[in-house]
Amino acid sequence: MNPRPPDASAESPYAWCRLMVSLALMTLGGVGMYSVTVVLPRIQADFNVARGDASLPYTLTMVGFGLGGVLMGKLADRFGVMVPVLGGSVGLGLGLIAAGASGSLWQFSLAQGLLMGLLGTSATFAPLVADTSRWFTRRRGIALAICMSGNYLAGAVWPPVIQHFVESHGWRQTYMGIGVFCLVVMLPLALVLRRRPPELPGPVAAVASPGPQVSTERPLGLSPGTLQALLCVAGVSCCVAMSMPQVHIVAYCTDLGFGAARGAEMLSVMLGMGIASRLISGWISDRIGGLRTLLLGSVLQGVALLMFLPFDGLVPLYLISGLFGLFQGGIVPSYALIVREHFSPAQAGARTGTILMATLFGMALGGWMSGVIFDLTGSYQAAFINGIGFNLLNLAIVVFLLRRAPRHGQGAGTGAVNTVSTPV
């Protein structure tokens with residue numbers, strides 16, 4: 001066999017350069033997810049619909065995002081990550097342009113869900129996460145955290161940018177302009193990802209770990225399908241809880257009389273702190289493993305949601321938004337690390353895509369449920385309580401899985417896993 005070029009190996013300078021490109025692509029692609037939350041009040045007024053109906057485009061975007069993650073993950077496993085990213089860049093750009101030109105809510109929803117969600121943003125999330133996990137070994141946790149920070153960096157950067165241009169040029173022109181920008185910038189970046197990841201290890205891992213080895217034949221004493229199903233349910237529940245502040249904070253601030261601009265700033269603060277949270281959680285997960293990091297994030301997210309109930313002043317909302325971002329930013333990256341710790345790397349794209357799809361379904365479900373609950377009750381208090389209930393379900397699943405984990409740890413992302421190929 002011909003050896004790979006020295007810079008095409010795991011942990012190499014090329015791997016770190018590739019990580020930075022993935023971070024940039026995920027940041028740019030994230031506009032498909034966050035743009036609709038900023039223009040939600042405008043959509044409601046422009047199309048003269050109820051709050052629940054105006055939340056539908058976001059829900060369809062997240063459903064498409066989740067389904068597309070599985071599709072794009074399988075494409076990446078087969079053809080390499082560059083192929084889905086190139087297609088996704090085109091889908092995202094065209095989707096933004098089509099959404100800006102839409103004449104009705106259903107046209108806007110279709111552009112958001114099909115072009116921007118299913119074919120666009122999905123290609124810059126799960127495939128990039130799975131690809132990153134195959135380029136790092138000892139620093140896999142922090143590498144995944146850096147990569148997935150792009151999702152929150154998008155949330156920190158895009159809302160104030162979009163809000164500025166919406167106020168000065170209108171939401172339609174803003175959408176179209178961003179669509180052209182994404183096409184021009186993302187397509188050249190995607191070409192950097194043309195190299196395939198380092199060759200996978202053999203059927204049995206040779207890396208030693210201080211704790212007991214983890215077998216992918218019966219991960220945590222469960223069948224791979226059962227573990228994946230539990231992680232999917234956990235992903236849905238934690239993200240139903242997560243979606244309430246992220247999706248409705250702009251509308252919430254508008255209802256309280258603070259204005260959409262203040263809400264966009266709070267969303268930016270929330271997701272900016274989420275970047276710090278993801279980096280800190282990545283460092284932590286390299287030491288305690290994915291499951292324990294997920295437990296920590298779930299507990300802290302529940303605390304932050306409780307804090308929204310008694311406080312609705314401007315300054316407290318800024319502070320709580322920042323704390324919410326700081327507490328929950330490491331939750332979703334933990335699932336990607338859990339997949340890499342307990343499943344075969346040959347299945348990384350499909351399994352990561354499936355579980356991340358569940359988290360996106362949770363965001364979609366939670367965003368829609370919160371709008372409906374608001375329409376029924378006239379306030380967001382019941383929506384926050386609904387999120388807390390789903391967060392408790394996530395916490396129960398994580399505790400159940402932790403009780404089945406090896407006593408001395410799980411390798412903490414060090415690559416100390418048995419890589420026997422397993423059935424679904």
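The structure is a predicted model, and its chain holds 17 helices and zero strands. Of the 424 residues, 59% count as buried, while the accessible surface comes to about 15300 Å², with 70% of that area belonging to carbon and sulfur atoms. Where contacts join residues at least 6 apart in sequence, 87% of them link residues at least 24 apart.

Helix α9, which covers residues 140-169, can be checked for its length: at 1.5 Å a residue its 30 residues should span 44 Å, and the end C-alpha atoms lie 43 Å apart, which agrees.

The largest nonpolar core contains 112 residues, of which Phe108 and Tyr175 touch the most other members. Helix α11 (residues 224-256) gives this core its largest share, 15 residues. Once neighbours within four places in sequence are set aside, the contacts of Phe108 include Val36, Val39, Ile43 and Phe47, and also Trp171 and Tyr175.

Aromatic rings form 13 pairs across the whole structure, and two of these pairs are set out below.

| Pair | Distance between ring centres | Angle between planes | Geometry |
|---|---|---|---|
| Phe47 and Trp171 | 6.3 Å | 70 degrees | edge-to-face |
| Phe308 and Phe384 | 4.9 Å | 10 degrees | stacked |

The pair of Phe47 and Trp171 is classed as edge-to-face because its planes stand at 70 degrees, over the 60 degrees that this class requires. Since Phe47 lies in helix α3 (residues 40-47) and Trp171 in helix α10 (residues 171-190), the pair ties together parts that are 124 residues apart in sequence. Both Phe47 and Trp171 are buried, and both are also among the residues in contact with Phe108.

For Phe308 and Phe384 the planes are at 10 degrees, so the pair is stacked, the cut-off for that class being under 30 degrees. Phe308 belongs to helix α13 (residues 290-308) and Phe384 to helix α17 (residues 381-403), so this pair ties together parts that are 76 residues apart in sequence. Phe308 is buried, with a relative accessible area of 0%, and Phe384 is likewise buried, with a value of 1%. These two residues also belong to a cluster linked by ring pairs, in which Phe308 and Phe384 are joined by Tyr252, Phe324, Phe374 and Tyr380.

Note on methods: Residues numbered from 1 in each chain as written. Predicted model: local features only at pLDDT ≥ 70, side-chain atom pairs only at ≥ 80, totals over all residues. Heavy atoms only, no water. Helix = DSSP H or I, 4+ residues; strand = E, 2+ residues; numbered from the N terminus. Buried < 20%, exposed > 50% of the residue type's maximum accessible area, 1.4 Å probe, protein only. Contact = heavy atoms within 4.5 Å. Areas by Shrake-Rupley, 256 points an atom, 1.4 Å probe, with all protein chains shown as cover. Expected span 1.5 Å × (residues − 1). Core = buried A, V, L, I, M, F, W, Y, C linked by side-chain atoms within 4.5 Å. Phe/Tyr/Trp six-rings, centres within 6.5 Å; stacked < 30°, edge-to-face > 60°.
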